[in-house]
Each structure stands twice: as C-alpha cells, then as structure tokens.
Amino acid sequence: MSEPCLKLEGLSVRVGDAALLDAVDLELGPGGRLALVGRSGAGKTTLLSAVAGLCPLSAGAIAVAGRPCAAQGQQRLAPAQRGVGLVFQELALWEHLTVAETLAFAAPGRRPERRARAAELAGQVGLGARLGAFPGELSGGERQRLALARALAQDPRLLLLDEPFAHLDPPLRRELSALVLERVAAGGLGLVVASHALEDVERLCDRLCVLEGGRVVEQGDARARLAAPESAALARLFELGNVLEGEVRGGRLVCPLGALPCPGPDGPAAGWVPAEGIVAEAGGVAATVVGEVTSQGQRVRELRTADGLRLVSALEAAPGQAVEVGCAGELRRLD
C-alpha cells in the first residue's frame, strides 16, 4: 500500500500563550488534493509553513510521502530535503534573477542539467519565450507561472499553494487552476491549497480540511462537505445555506424560527438547513426579500427578518416583497 503523501500527527505550533496550531491530525492519500480553509488567522499559512519546515514546532510529527520530516516537535529534515514545493501568497520571486536563472537555481544537479531543467519547466508553464525576462517584466499571470515552475523545479512529492490566485481575475484563475491540475497529475503529486475562494476549492481539490482557531473542526470529501457542512465554521465561511443558533430542548432547537426538530443532547447548539429548507409558511416568521445571492452553486433569495436574522431561501419572491417563512424538515446539528 502506498504511503500517504502527507501525514500530520498532533501538530502544534505555539507562540507564547497563543496556539497557532493545536494538535492537528491530518492524512492525505497518494495524489490527493486537499483544500485548507478557514477565516484569516485560522492557521492555514502556519500549517503550510510547518509542513515546509519554515517554522518551529511545539509538538507533533510530519511525514511527506512516508519520510519523517519532524517528530516529537523536532525538525528532522531541512526544508530542501522534504520533497515539498511551496508557492507563497506574495510569490516571493527573486527579482534579480531572470526566468531561466530562477529555475536553474532552484533545480538540482550540475549546471548543464539545471539549465536543461529550467528550459523544460519554462516551456511546460508557458514561459518558454520569456527565459531572459526578469520578474518585474512579467505580467501577473506570468509571475504566478514562474512561482509555480520554481516550486516544481526540485521534483517535489507534495505541492503547497498559499492563496495562489488571490489577486487574479476569474479567467486567469481558471487558466492557472487548469495548469496546476495538469502539472499535479503529470507528476503524481499531492496538493494542499490554502484558500478563501470557494471556486478554488471546487476546481482544485477533492478533500477539504476546515481550521478554526488552529484546530481542525471538519475534514472529509470536499463535494459532500460543501453540499452538507458539519461545522458552523464551514457553513459560514462559504455561506452554505442557513445556520440557526439557539438551545436544544427535548430534541428541538429553540431559535428565531421557532422550535425546530434537531438531534442531539440538550444545550446551546447550532443547526443547519439548506436554502430549500426555508419555505413559505402562513403565520410563520415575517421577513423581507432584500436581494439575490449565490449559495451552494444556485441563485437564491436573501431574506431579513424584523430582528435582523439573515436567511437564504429558494422560494420565488421579488426583492422588497414581504413573506412569512418557516423551516421544513429536521435541522442538521453542527459541530
């Protein structure tokens, strides 16, 4: 059986009393493509930096393609020995080196081998005609291509991307996403992408891991989790359906929409329902249609109740229309 391309066990990073990562367990199978998501400050960049060997650990172990990189909170392999390629959000290109020089410097081997590898990589990412250009002479898309090629220069087993397309327009995001998937598939690489953008998650990844406060709160199949989130953190991050907060009493969540069926023990809780679950109901909660938004890939109505609760619903109604709504079916209890 092939080794996981990435395995983290009890990974923790602390700065003083602050836990940037707290006992993170994560495993990504061979050739897996993982989206690392969460709000700013959740720990995404810290996790990528830890895997790449760029920040000190407080506890835990890291293995890449079966090779121990860190154990018992101690680094075992230097960054260059880990088989990890990292593309930073800021790209961090070497402005004093040309495209050819950048890729040759990053590639292993003797000088003729490095030059050949540089030309090969440049051609693969569409920079074959720009070998003599400096980063300052490249367009935004070309700079992204150079950063990707540099990360691939050492033939990594795992590719890490930190908000890779944050400042690019949609057509260029799609173009570069296709390029990443092509190179990942060609090299049989594992891929970990930290992103705030739902389109990046959907296009690039087949699994996801949700971080909140440095802890993993949800992970699993990306398509299934986006269709039916199991944590309030994921539902709120990408505005997936409706999160209703209240208190469970005898199998019902008492919340602004009433006492709704919700499994689990009594106590404070949050429940989730998709847009289709918020339906017109005579005598229900009064709300106003304030516009349209996209939720889970479909255009739905955005509602506001008199006390300010925001809801999304698939009901047919025009902006400005007053409606009465309720919830159909049992809520999914969120972690």
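1. In which order do the 6 strands of the open sheet stand? In this predicted model, the order is β7-β8-β9-β3-β10-β11, and the pairing is mixed. The edge strands, each of which pairs on one side only, are β7 (84–87) and β11 (215–221), and from one strand to the next the twist averages 15°.

2. The largest nonpolar core holds 48 residues, of which Val37, Leu103, Leu159, Val180, Leu208, Leu234 and Phe238 touch the most other members. Helix α4 (residues 140–152) supplies the largest share of this core, 6 residues. Apart from this core lies another, of 32 residues, including Leu28, Leu34, Leu48 and Leu86.

3. Val180, not counting residues up to four places away in sequence, touches Leu148, Leu161, Phe165, Leu191 and Leu204.

4. Asn242 belongs to strand β12 (residues 242–249), and it counts as buried because its relative accessible area is 2%, where the cut-off is under 20%. A polar atom of the Asn242 side chain lies 2.7 Å from the backbone nitrogen of Val312. Leaving aside neighbours within four places in sequence, the contacts of Asn242 include Gly271, Trp272, Pro274, Ile278, Arg310 and Val312.

Key: Residues are numbered from 1 along each chain as its sequence is written. This is a predicted model: local features need pLDDT of at least 70, side-chain atom pairs count only at pLDDT 80 or more; totals for chains, interfaces and linings use all residues. Side-chain values use heavy atoms; hydrogens and water are left out. A nonpolar core is a set of buried Ala, Val, Leu, Ile, Met, Phe, Trp, Tyr and Cys residues joined through side-chain atoms within 4.5 Å. Buried means under 20% relative accessible area, exposed over 50%, partly exposed in between (1.4 Å probe, protein chains only). Helices (H or I, at least four residues) and strands (E, at least two) are DSSP runs, numbered from the N terminus. Contact means heavy atoms within 4.5 Å. A polar contact is a pair of N or O atoms within 3.5 Å; within protein, one must be able to donate a hydrogen and the other to accept it, and residues adjacent in sequence count only if both atoms are side-chain atoms. Two strands pair if DSSP finds at least two bridges between them. Axes are lines fitted to C-alpha atoms, for helices over the stretch in contact, and angles run from 0 to 180 degrees between N-to-C directions.
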